[in-house]
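Trainee: I would like to go through this model by question and answer. Please show me the sequence and the structure before we start.

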Amino acid sequence: MNSRSNDLLVDAIANDGYAITPDFLPPALIKALADEAKALHAQGALQAATTGLSSRRSADNIGLRGDFIHWLEDDLASPAQQDYLAAMRQLQQDFNQALFMGLFELETHLAVYPPGAVYRKHLDQFQGRAERQVSCILYLNEDWQPEDGGTLRIYLNGNASEPYMDISPTGGTLVTFLSGRFMHEVMPSRRERISLTGWFRTRSTSV
Ligand SMILES: O=C(O)CCC(=O)C(=O)O
Ligand SMILES: [Fe+2]
């Protein structure tokens, strides 16, 4: 990835609040990250994701959010994960230099959505806690076809159900958007759907 593509991304965030960047990372790296997610899933090492601040999935939670996740830790990162983290550090620096965003750290997890799983309409900032500033979703799916479904639906006008835009989770595509501005939703897919999702944060604003 070159800095010119980051320039376009940063400009799009400044102008529109979101950016869609195909081929953010090279295909070999995307494949390595996808293989790691699949291996973790096969080992049963992924945890059922939860919503809000709770850490346990309840029966009705699964209808809200059906993915399985693995949080990345800097000191345990594989070489492929380190390459991803380095690209994200560069992006963080570019955001801070161009837009004075004061981004301070990245929290990130792998996510596997089994066929049919969804993540219902939500905002990535938890109520009363504004540290998550920019949501960054990198898709890891090879040969995703339109009929596979699994689009990310981003609502463009607050809580209103229209207008919206649908983005296919094609491997290598990075979607970034302002975490506090856009409600969004993961639609069901007929294939397993894999991603690496990160949030750039500012320092805690909660008291
Ligand atoms: O995977 C996606 O397209 C979006 C995931 C998401 O909204 C989240 O993890 O908060
Ligand atoms: Fe989200």
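This is a predicted model: local features need pLDDT of at least 70, side-chain atom pairs count only at pLDDT 80 or more; totals for chains, interfaces and linings use all residues.

Trainee: Which element gives the most to the shell around ligand 1?

Mentor: An oxygen atom of ligand 1 is 2.8 Å from an N or O atom in the side chain of R193. The elements that give two or more residues to the shell around ligand 1 are β5 (119-122), β6 (132-139), β10 (184-186) and β11 (193-201). With three residues, the element that gives the most is β11.

Trainee: How much of the accessible area of ligand 1 does the protein cover?

Mentor: H122 places a polar side-chain atom 3.1 Å from an oxygen atom of the ligand. For H184, a side-chain N or O atom is 2.9 Å from an oxygen atom of ligand 1. Of the 290 Å² of accessible area that ligand 1 has on its own, the protein covers 99%.

Trainee: Are R153 and Y155 of strand β7 buried or exposed?

Mentor: Strand β7 covers residues 152-155, and L152 and I154 lie on one side with R153 and Y155 on the other. Buried means under 20% relative accessible area. R153 has a relative accessible area of 16%. Both faces of β7 are covered, and R153 and Y155 are buried.

Trainee: Which residue in β10 is the bridge partner of R153?

Mentor: β7 pairs with strand β8 in the antiparallel sense over four bridges, and there Y155 stands opposite Y164. β7 also runs antiparallel to β10, joined by three bridges. In β10, the partner of R153 is E185.

Trainee: With which residue does R153 form a salt bridge?

Mentor: Side chains of opposite charge can pair when their charged atoms come close. The partner of R153 lies in strand β8, 13 residues apart from it, and is partly exposed, with a relative accessible area of 36%. The closest N and O atoms are 2.8 Å apart, and the residue is D166.

Trainee: How many residues apart in sequence are the parts that E131 and R201 tie together?

Mentor: The side chains of E131 and R201 meet in a salt bridge, 3.2 Å from N to O. E131 lies in the loop between β5 and β6 and R201 in strand β11, so the parts tied together are apart in sequence by 70 residues.

Trainee: Which residues are linked with E131 and R201 in a network of salt bridges?

Mentor: E131 is buried at 5% relative accessible area, and R201 is buried at 16%. The network links E131 and R201 with E105, E107 and R132.

How values were computed:
Residues are numbered from 1 along each chain as its sequence is written. Chains are lettered from A and ligands numbered from 1 in the order in which they are written. Side-chain values use heavy atoms; hydrogens and water are left out. A polar contact is a pair of N or O atoms within 3.5 Å; within protein, one must be able to donate a hydrogen and the other to accept it, and residues adjacent in sequence count only if both atoms are side-chain atoms. Accessible areas come from the Shrake-Rupley method with a 1.4 Å probe; for residues, only the protein chains shown count as cover. Buried means under 20% relative accessible area, exposed over 50%, partly exposed in between (1.4 Å probe, protein chains only). Two strands pair if DSSP finds at least two bridges between them. A salt bridge is a side-chain nitrogen of Lys or Arg within 4 Å of a carboxyl oxygen of Asp or Glu.
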